[in-house]
Amino acid sequence: MICPKCGYDNLTEQDTCFRCGVIFAKIKGQPPKGCLSHSGQSHRKGDIPLQSQSSENSLVIWGRGLLLVGMVIWSLKLIFVSIASNTAGESLLHLVNLPFHEAGHVLFRPFGQFIRTLGGSLGQLLIPLICVGVLLLKTRDPFGAAVCGWWFGENFLDLAPYINDARAGVLPLLGGNTGSSAPYGFHDWEYLLTETGLQRYDHLLARMAHGFGSLVMIASLLFAGWVLVRQFHGTRS
């Protein structure tokens, strides 16, 4: 259902627009499904709008552009540093990632100690992916999905120092312990790599996590930039 007021493509049959709240019954001559939106672009159910809707004016686009610039600068500071510096682990986003990490341990507790331990890392990776899916498929916000995709990649950089510390055990953990002083199993990646016989590969696995996360972050930034260009041209058409 294309909203005749703001052009938003509502995914389901409903009486009001999800975005602007207009009551469809009060607007005469509403266009049928799949008709042209206010941006002049034909939308069908399931399409992802890449051009700006009428409610997304130039000011919003420029605001997103400033956010993108900030993300690029932040990315450079996180990507082009040594893993051992733990730059990602000391950044503001680590405080955002940490609750989801701990929640992952609780969520995966019924599946045994190994999965519960791995669940911390899975938890902080799953939340950004869920946000990507919701923003892309439900709220139809490709720029927001790109931001969450960048966050997903950043979580790999957040995990890389933890993986890298599996043998050294020098990073501070919750409660003030370190891997070397805490009981066995308290340091997630010491336990995971020891139990799988991969502890000697901790540095390699950390570099792989850092590299993959960096690629995801860069790809998300490029996609976000492409979306903004399309939306900017949409406001000028």
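## The largest pocket

Ala, Val, Leu, Ile, Met, Phe, Trp, Tyr, Cys and Pro count here as nonpolar; Asp, Glu, Lys and Arg count as charged; the others, Gly among them, count as polar. By that scheme, the lining of the largest pocket has nine nonpolar, nine polar and four charged residues. The model is predicted.

The largest pocket holds about 520 Å³ of space. Its lining is made of 22 residues. Leu98, Glu102, Tyr162, Leu173 and Leu174 lie nearest the centre of the pocket. Three helices each give at least two residues to this lining: α2 (92–107), α3 (113–138) and α4 (142–164). Helix α2 supplies the largest share, six residues.

## The cavity

The structure holds one cavity of 30 Å³ or more. The volume of the largest cavity is about 50 Å³. Its lining takes in Leu78, Val81, Ser82, Ile83, Asn86, Thr87 and Ala88, together with Leu157, Pro161 and His210. Six of the lining residues are nonpolar and four are polar, with no charged residue in the set.

## Aromatic pairs

A pair of aromatic rings is described by the distance of the centres and the angle of the planes. The count for this model comes to eight aromatic pairs. Take Phe156 and Phe212: the ring centres are 5.0 Å apart and the planes stand at 80°, so the pair is edge-to-face, a label that needs an angle over 60 degrees. Phe156 belongs to helix α4 and Phe212 to helix α6 (residues 202–236), so the pair ties together parts that are 56 residues apart in sequence.

Phe212 has a relative accessible area of 43% and is partly exposed.

Ring pairs also link Phe114, Tyr184 and Tyr191 into a cluster.

## Helix α5

Helix α5 covers residues 188–195. Six of its eight residues are buried, so the helix is largely enclosed by the rest of the structure. The buried residues are Asp188, Trp189, Glu190, Tyr191, Leu192 and Leu193. Tyr191 is also a member of the ring cluster with Phe114 and Tyr184. After α5 comes Gly197, which has a positive phi, near 75°.

## Ser121 in helix α3

Ser121 lies in helix α3. Its relative accessible area is 3%, and it counts as buried. Which residues does Ser121 contact, leaving aside neighbours within four places in sequence? They are His101, Leu159 and Trp189.

## Confidence

The protein chain has a mean pLDDT of 85, and 81% of its residues reach 70 or more. In the protein chain, helix α4 has the highest mean confidence, at 97, and α6 the lowest, at 92.

Two stretches call for care. Residues 30–43 stay under 50 in pLDDT, and the model gives them 34 contacts beyond four places in sequence. Residues 51–55 are also below 50, with 18 contacts in the model beyond near neighbours in sequence. Where pLDDT is low, the predicted coordinates should not be read in detail.

Technical notes. Residues numbered from 1 in each chain as written. Predicted model: local features only at pLDDT ≥ 70, side-chain atom pairs only at ≥ 80, totals over all residues. Heavy atoms only, no water. 1 Å grid on protein atoms, 1.4 Å probe; cavity = no way out; pocket = protein on both sides within 12 Å on 5 of 7 lines; lining within 4 Å. Points joined across faces, edges and corners; volume = space filled by probe spheres on them. Helix = DSSP H or I, 4+ residues; strand = E, 2+ residues; numbered from the N terminus. Phe/Tyr/Trp six-rings, centres within 6.5 Å; stacked < 30°, edge-to-face > 60°. Buried < 20%, exposed > 50% of the residue type's maximum accessible area, 1.4 Å probe, protein only. pLDDT = per-residue confidence, 0-100. Contact = heavy atoms within 4.5 Å.
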